[in-house]
Amino acid sequence: MKKLLLAGTALAFGGHALAADLPLKAPMVAPVPFSWTGCYVGGHVGAGWGRKDFSDPGFTTAFGTFQNFAPAGSSIADDVQGIAAGGQVGCDYQFANNWVIGLAGDFSWANINGQTTDPFFTGKNGNPITLNAKTNELATATARLGYAWDHFLVYGKGGAAWAHDKYSVQNLVSFGSPFCFVGTFIACNPTGTETRTGWTAGAGIEWAFANNWSALLEFDYYGLGNKSVSLFDPNAGTGGTSGLVNVRQNIEVLKFGINYHFGWVGPVTARY
């Protein structure tokens with residue numbers, strides 16, 4: 001009997017020791033769905049192209065209204081193209097499971113330019129008149145609405161846009177009523193700059209590819225309207241002369257970007 005009690009006691013202690021050595025089963029976990037909610041900052045590069053239509057309001061003298069480079073009612077198209085690069089910042093909020101709304105702003109340094117030859121008039125000494133345009137800055141303030149599939153977001157956007165442009169017309173016979181003179185009669189080459197306001201609309205796709213990081217591909221259209229731009233030639237008349245040129249323009253940009261998102265911490269799990 002005594003041997004039986006000792007054997008039972010040893011078996012009990014051995015069972016407890018064996019149980020202590022067994023690995024504990026981890027609690028069950030389930031992944032929390034990915035969310036686009038949060039703020040971000042990033043950069044982008046892209047290609048831009050567009051069109052600028054020049055028209056000449058002319059200048060008025062005692063003898064009537066005269067045109068510098070195009071007949072009244074006509075326009076000259078200048079196709080522009082180039083590159084753009086800059087940065088963006090914004091915040092998003094995901095709701096109703098898959099929908100995402102957000103606000104963002106971006107700024108791009110650009111070199112979207114072009115030159116065209118006047119098909120109507122010839123310039124000084126029978127040489128062609130050329131019209132030059134360059135957009136060197138673009139900016140937007142937009143809202144976006146998107147639909148998310150986990151780490152992928154497809155969206156549309158729209159809002160206000162701004163562009164800074166530079167213009168020049170070269171080899172004019174005259175600019176306004178005065179001729180251009182520096183010791184002798186020379187060609188007139190007026191130049192000018194402007195910042196204009198318009199609107200933008202676009203669409204894109206964004207992919208959250210790593211902790212805190214996403215990549216996007218986006219197309220944007222900038223509708224910048226028709227505006228009178230003041231050009232100035234210091235050699236026209238006495239002390240220089242200003243004149244107006246009408247320019248209608250639109251720009252399109254295809255860009256690739258990278259965003260860093262604040263608050264994303266990678267895969268998140270919930271215990272139950």
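This note sets out numbered points on the predicted model shown above.

1. Basis of the note. The model is predicted: local features require pLDDT of at least 70, side-chain atom pairs count only at pLDDT 80 or more, and totals for chains, interfaces and linings use all residues. Residues are numbered from 1 along each chain as its sequence is written, and side-chain values use heavy atoms, with hydrogens and water left out.

2. Confidence. The protein chain has a mean pLDDT (the predictor's confidence in each residue, from 0 to 100) of 88, and 85% of its residues reach 70 or more. Residues 1-20 have pLDDT below 50, and this stretch has zero contacts (heavy atoms within 4.5 Å) beyond near neighbours in sequence. Over residues 266-272 pLDDT also stays under 50, but the model has 17 contacts beyond four places in sequence for them.

3. Overall architecture. One helix and 14 strands make up the assignment for the protein chain; these are DSSP runs numbered from the N terminus, with at least four residues for helices (H or I) and at least two for strands (E). Of the 272 residues, 39% count as buried, where buried means under 20% relative accessible area, exposed over 50%, and partly exposed in between (1.4 Å probe, protein chains only). Among contacts between residues at least 6 apart in sequence, 72% join residues at least 24 apart. The accessible surface (Shrake-Rupley method, 1.4 Å probe; for residues, only the protein chains shown count as cover) is about 14900 Å², and 65% of that surface belongs to carbon and sulfur atoms.

4. Nonpolar cores. A nonpolar core is a set of buried Ala, Val, Leu, Ile, Met, Phe, Trp, Tyr and Cys residues joined through side-chain atoms within 4.5 Å. The largest has 18 residues, of which Phe-54, Phe-69, Tyr-167, Leu-172 and Leu-231 touch the most other members. Strands E7 (128-149), E8 (152-170), E12 and E13 (241-262) each supply at least two residues of this core, with the largest share, three residues, coming from E7. Beyond four places in sequence, the contacts of Phe-69 include Phe-54, Ile-129, Leu-131, Leu-172 and Val-245. A second, separate core of 11 residues has Ala-161, Ala-163, Ile-251 and Val-253 among its members.

5. Aromatic pairs. The structure holds 15 aromatic pairs. Rings of Phe, Tyr and Trp (its six-membered ring) pair if their centres lie within 6.5 Å; planes under 30 degrees apart count as stacked, over 60 as edge-to-face and the rest as tilted. Trp-49 and Phe-219 form a tilted pair, 6.4 Å centre to centre with 40 degrees between the planes. Because Trp-49 lies in strand E2 (residues 38-55) and Phe-219 in strand E12 (residues 213-233), the pair ties together parts that are 170 residues apart in sequence. Trp-49 is partly exposed at 33% relative accessible area, and Phe-219 is partly exposed at 32%. The pair of Phe-181 and Phe-185 is edge-to-face, because its centres are 5.1 Å apart and its planes at 70 degrees.

6. Further ring arrangements. Ring pairs link Trp-99, Tyr-147 and Trp-149 into a cluster. Arg-144 lies over the face of Tyr-155, 4.5 Å from the ring centre; the criterion is NZ of Lys or CZ of Arg within 6 Å of the ring centre and within 35 degrees of the ring normal.

7. Backbone in one loop. Most residues other than glycine have a negative phi. Ala-96, in the loop between strand E5 (76-95) and strand E6 (99-122), has a positive phi of about 50 degrees and is exposed at 53% relative accessible area. Asn-97 lies in the loop between E5 and E6, with a positive phi near 75 degrees, and is exposed at 67%.
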